[in-house]
Amino acid sequence: MKRLFLLTIFCLGVVAVGFAQDTVDAVQLKNDGNDALRAKDYKKALELFEKSLANWSEEEQDNAMIYNAGYCAYKVKNFEKAVKYFGQSIENNYKTSTAYLYKANAQRQTGDDDGFVETLEAGMASNPNDMKMKDMLSTFYLKEGNAFYKKGAAILKEAASDVAAGKFTTNDDQYKAATTEAREEFKKALPYFDKALKLTPNDDTAKQLKAAATQAING
């Protein structure tokens with residue numbers, strides 16, 4: 001019985017020592033990762049941070065390391081991991097303003113435009129005075145609207161060229177069809193310009209494009 005008791009204590013001691021060793025290793029890996037980050041070796045820093053996080057105590061997260069892992073992932077263009085770690089930073093309420101920006105940018109890089117918009121909208125809800133997020137989302141809306149505007153303008157330009165070349169006149173069905181198609185593109189652009197102006201009311205470019213699209217629709 002005594003031998004069994006001593007064996008149990010020994011086993012528990014081994015577990016405790018192993019746990020302590022894991023903790024020490026995790027801290028050392030984090031410190032090595034910080035050194036690599038300072039040296040701008042982002043790939044190595046990310047590897048070290050991830051190894052550290054894999055051995056870190058679940059009871060006590062290191063919010064700075066999670067954020068730094070996201071930053072390193074972003075710098076090496078591993079945007080999926082950047083979204084993951086900056087998402088965790090947001091959940092941990094750590095450096096949320098920049099975390100929202102980096103996460104949104106990473107989502108945009110992966111082609112997740114819906115996620116990009118959702119992240120910035122969530123960021124503005126929690127940081128209503130953050131102009132960087134407003135400007136970023138406004139610019140996105142402006143570019144989206146401008147793409148439709150340019151398409152409409154290109155249709156009108158081609159129709160005008162065809163008229164000049166004598167292919168048809170402005171009274172012909174071909175020209176009327178082209179102008180109708182162009183108006184539809186201008187109509188698609190307007191909601192994006194409105195969204196941009198709602199975020200940045202003094203944006204002269206958005207104002208000008210909205211006015212031009214409106215004139216083209218009504219003209």
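Helices are DSSP runs of H or I of at least four residues, numbered from the N terminus. By that numbering, Thr 179 is found in helix 8, which covers residues 173–199. This residue returns at the last stop; the tour begins with the whole chain.

**The whole chain**

Display the complete chain as a cartoon. This is a predicted model. The protein chain has nine helices and zero strands, and from the N terminus on its elements run α-α-α-α-α-α-α-α-α. Of the 219 residues of the chain, 36% count as buried. Among contacts with a separation of 6 or more, 53% come from residues 24 or more positions apart.

Next, colour the chain by confidence. The mean pLDDT is 90, and 89% of the residues reach 70 or more. Where does the pLDDT fall below 50? Select residues 4–19: over this stretch the pLDDT is below 50, and the stretch has zero contacts in the model beyond near neighbours in sequence.

**Helix 2 against helix 3**

Select residues 42–55, which form helix 2, together with helix 3. The axes of these two helices come within 9 Å and cross at roughly 145°. The crossing of helix 2 with helix 3 is left-handed. Show side chains to see who takes part. Helix 2 contributes Tyr 42, Ala 45, Leu 46, Phe 49, Ser 52 and Leu 53. From helix 3 come Met 65, Ile 66, Asn 68, Ala 69, Tyr 71, Cys 72, Ala 73 and Lys 75. By class, eleven of the residues in this contact are nonpolar, two are polar and one is charged.

Now centre on Ser 52, which is found in helix 2. Is Ser 52 buried or exposed? Its relative accessibility is 0%, so Ser 52 counts as buried. Leaving out residues up to four places away in sequence, Ser 52 touches Ala 26, Leu 29, Lys 30 and Met 65.

**Helix 3 against helix 5**

On the side of helix 3, the contact is made by Tyr 67, Tyr 71 and Tyr 74. On the side of helix 5, Thr 98, Ala 99, Tyr 102, Asn 105 and Ala 106 take part. The residues of this contact divide into six nonpolar, two polar and no charged.

Phi of Asn 93 is near 60°, a positive value in a residue other than glycine. Asn 93 counts as exposed because its relative accessibility is 62%.

Then select Lys 95, which lies in the loop between helix 4 and helix 5. Phi of Lys 95 is also positive, near 45°, in a residue other than glycine. With a relative accessibility of 47%, Lys 95 counts as partly exposed.

Select Thr 110, in the loop between helix 5 (96–109) and helix 6 (113–126). At 39% relative accessibility, Thr 110 counts as partly exposed. Which backbone oxygen does the side chain of Thr 110 reach? That of Gln 107, at 2.8 Å. Apart from neighbours within four places in sequence, Thr 110 is in contact with Phe 79 and Glu 80. Phe 79 is 31 residues away from Thr 110 along the chain, and their C-alpha atoms are separated by 6.7 Å.

**Inside helix 6**

Go on to Leu 120, in helix 6. Leu 120 is buried, with a relative accessible area of 0%. Beyond neighbours within four places in sequence, Leu 120 is in contact with Leu 101, Ala 104, Met 133, Met 136 and Leu 137.

**Last stop: helix 8**

Finally, return to Thr 179 in helix 8. The cut-off for a buried residue is under 20% relative accessible area. Thr 179 has a relative accessibility of 14% and therefore counts as buried. Its side chain reaches the backbone oxygen of Lys 176 at 2.8 Å.

Technical notes
Residues numbered from 1 in each chain as written. Predicted model: local features only at pLDDT ≥ 70, side-chain atom pairs only at ≥ 80, totals over all residues. Heavy atoms only, no water. Buried < 20%, exposed > 50% of the residue type's maximum accessible area, 1.4 Å probe, protein only. Contact = heavy atoms within 4.5 Å. Polar contact = N/O pair within 3.5 Å; in protein donor to acceptor, adjacent residues only side chain to side chain. pLDDT = per-residue confidence, 0-100. Nonpolar A, V, L, I, M, F, W, Y, C, P; charged D, E, K, R; others polar. Axes fitted to C-alpha atoms, helices over the stretch in contact; angles between N-to-C directions. Left-handed = near helix turned anticlockwise from the far one by under 90°.
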